[in-house]
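Please look through the sequence and the structure before reading on.

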Amino acid sequence: PAPYEPDGEITDSLLELFKNDSFEVYRETVRNGDEGREVERVQRRLHQLNYLYSADGAFGTLTENALKYFQRKNNLDQTGVADEETQQVLFSPDAIESEEYVFPYKLVVDLSDISVGACVMSLRHEFMANLVVGYKEFMAQTNCNVIITDGGNMEPEKQVTNVENYIAQNVDGILCQCISVETMKDTLKHAMDAGIPVGIYPYDTSVGATTYFGYNEYDWGYSLGENAADWINSKLDGSAKILNVITTLEEAAVQRSQGWQDAIKALCDESKLEWVTVEATSSEDAMATTESALQANPDVDMVLVYNDEMGIGAYQAIVQSGLDTTNMYLGSCDGTDTVLDYVQEDTVYRCTVGNDRFVSEIGFYWVENMVKIALGMDYDDPFPITTIAITKDNVDDYRSREPEYVISQDLIDFVNNM
């Protein structure tokens, strides 16, 4: 072939060489582990097409993954090997560009034929937003079509509409974090009657769902109560006035509240406890409700809140109250990043009960579990989750972990052998 300095650019002079058949696009096959000029030539072209950030002449995992992504976008077998067929397309003027850098491209197994409807309570809720991070990570590794919707501002009827749309789309599975199980019950049963497996949160077996988001709300609350009881006995001489901030609209809130009350009563002298309970349904509502409760009860020692979203509102009310918070205790459930910041900073926010996995990991593995159901594989029911009380003493270790998103080998083998 004619001498030509590879630079990854398609120029008029290069096209002229093509026309004259004096330039060979393909020279040799390169793959993971190779190094040299031919590798760099392939990398430069991938870079030009927005599949790779840079070219260094070393064919590693990033180059292999970028090439797989190029192959998928250009309807080639995803081998990750720059063979003759791939290079003919790669250096063609018709090569399809990537819309953006995908770094690194993560496709592990192709589930593009599977669609899962995933309806969360509200994307305004940090916990649910983090679940979606996991859903999207699963999509990146599998090309599964996860259709994500939310319930707006905690609107059950909007969730009903979302699930009805999933049924109309004939998705392969539905995941739903129900704002109100009672409101959703008929629609979810309709989905199952249509042959669509359903996974729900909270753990409410009255629906007869295929699988459940499997932690026990009562145990979650009990874990918070154990930590709160320790604070009462060690910091408050066993005596406390406790403000409960909950919503009776959600069964999960009722169960959590019952859990922490039972734990505190079991571990403290009940005769030295005084309880005040108020209702709230959002962070703003919790802020206003807590503010009023503290004005009426300035001697409150402890505030326990159903979830972190409402806990943040309660925190703001406590800070603005001007009360002495030296020995005051605020605790809630969910383990969200915002509240973990407060705990780490040693504020009045003493504890949040979180999952032993990152919330995003739960989202990743829960949608994987639904895919297994859709494919007729063995699956977890309920989907297993355990919790941990996170305080100033262990928050650094908790946050130093890295999330792990690993497609299970049994799913990979099952799909590849289909």
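Which residues are buried in α5?

## Helix α5

In α5, the buried residues (under 20% relative accessible area, with exposed over 50% and partly exposed in between, for a 1.4 Å probe and protein chains only) are F127, M128, N130, L131, V132, G134, Y135, E137, F138, Q141 and T142. Helices (H or I, at least four residues) and strands (E, at least two) are DSSP runs, numbered from the N terminus. Just after α5, N143 has a positive phi of about 65 degrees.

## Basis and confidence

The model is predicted: local features need pLDDT of at least 70, side-chain atom pairs count only at pLDDT 80 or more, and totals for chains, interfaces and linings use all residues. Residues are numbered from 1 along each chain as its sequence is written, and side-chain values use heavy atoms, leaving out hydrogens and water.

The mean pLDDT (the predictor's confidence in each residue, from 0 to 100) of the protein is 90.

## Salt bridges

Counting a side-chain nitrogen of Lys or Arg within 4 Å of a carboxyl oxygen of Asp or Glu, the protein has 11 salt bridges. One of them joins R44 and E40 at 2.9 Å, N to O. Because these two residues are four apart in helix α2, about one helical turn separates R44 from E40.

D299 and K241 form another salt bridge, at 3.1 Å, N to O. This pair links distant parts of the chain, 58 residues apart. K241 is buried, at 9% relative accessibility, whereas D299 is partly exposed, at 43%.
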